[in-house]
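Keep the model open alongside the text.

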Amino acid sequence: MSEFVVPAAPVTTVPVAGGGKFPVRRVFCVGRNYADHALEMGGDPTREPPFFFSKPSDAVTLAAQLPTDPISKKFEHEAELVVAIGKGGSNIPAAQALEHVYGYSVGCDLTRRDMQGEAKKAGRPWDMSKGFDNSAPIGEIKPASAIGHPAKGTLTLSVNGTIKQSGDISQMTWPVPDVIAFLSTLVALAPGDLIYTGTPAGVGPLVKGDKVEIVCEGVSTCVFTLI
Ligand code: MN
């Protein structure tokens, strides 16, 4: 008989192309990693050190249909390359960072932009504008052993067939090795961690019925509809 006094949470998993499941431990997200998005958010496009926030692991979802957010009046999409950590470590040098990557996917950092704006203004945490239920759609993970370590490739997001975000992962202010190096100075990375690496310009609102399709060239796709 279990010693747990309430039911233990199930492990969130993401399917891996070719078989197997990636068990999600933590979800880290990079803020403003593309200069054009930093500008559209009223920020500084220069190469400031990256900053991070988190979502709970059970915010990660592969559901084809997601509930329309009941809270936000400005519920926005952010298309992002996602890094899946395979080997943990602290203070990982950028030159060795890719050895810690299991694979890659693409996902959406769903954001309650109105609440985020209010939190920023009040100097309050972003958690409830970023880390809510179903806030981290993701596609299938592709192992680095199969696709390598993509440093370039288009990242596009369309809503109902119209392209809203179109960037290239080569435009990241801090590329994947630098993101891992920075983040591993702040926390000890562990197998199962996911890193959403930031979004290019063109973020915008979603409403009920919208079909969102995100494609990162050579990596993966993520598709969902708000119901
Ligand atoms: Mn983001």
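Buried means under 20% relative accessible area, exposed means over 50%, and partly exposed lies in between (1.4 Å probe, protein chains only). At 33% relative accessibility, Phe51 therefore counts as partly exposed. This is a predicted model: local features need pLDDT of at least 70, side-chain atom pairs count only at pLDDT 80 or more, and totals for chains, interfaces and linings use all residues. Residues are numbered from 1 along each chain as its sequence is written, and side-chain values use heavy atoms, with hydrogens and water left out.

Glu78 sits in the loop between β7 and β8, and Asp109 in the loop between β9 and β10, 31 residues apart. Strands (E, at least two residues) and helices (H or I, at least four) are DSSP runs, numbered from the N terminus.

Stay with Asp109. Its relative accessible area is 1%, so Asp109 is buried. Glu78 is buried as well. The Asp109 side chain makes polar contacts with the side chains of Lys55 (2.7 Å) and Lys130 (2.9 Å). A polar contact is a pair of N or O atoms within 3.5 Å; within protein, one must be able to donate a hydrogen and the other to accept it, and residues adjacent in sequence count only if both atoms are side-chain atoms.

Now look at strand β7, residues 75–77. An open, antiparallel sheet of three strands runs in the order β10-β7-β16. Strands pair if DSSP finds at least two bridges between them. β10 and β16 stand at the edges with a single partner strand each, so one side of each is left without a neighbour in the sheet. β7 and β16 pair over two bridges. His77 has Gly204 in β16 as its bridge partner.

Next, the core. The largest nonpolar core has 39 residues, and Ile180 and Ile214 have the most contacts inside it. Such a core is a set of buried Ala, Val, Leu, Ile, Met, Phe, Trp, Tyr and Cys residues joined through side-chain atoms within 4.5 Å. Among the elements that give two or more residues to this core are α5 (176–186) and β17 (211–216).

In a regular strand the side chains alternate between the two faces of the sheet. Five bridges join β17 to β13, antiparallel. Six bridges join β17 to β18, also antiparallel. Ile214 has Cys222 in β18 as its bridge partner.

Finish with the rings. Phe51, Phe53 and Trp126 form one aromatic cluster. Rings of Phe, Tyr and Trp (its six-membered ring) pair if their centres lie within 6.5 Å; planes under 30 degrees apart count as stacked, over 60 as edge-to-face and the rest as tilted. The Phe51 and Trp126 centres are 5.9 Å apart with planes at 85 degrees, so the pair is edge-to-face. Phe51 lies in β4 and Trp126 in the loop between α2 and α3, so the pair ties together parts 75 residues apart in sequence.
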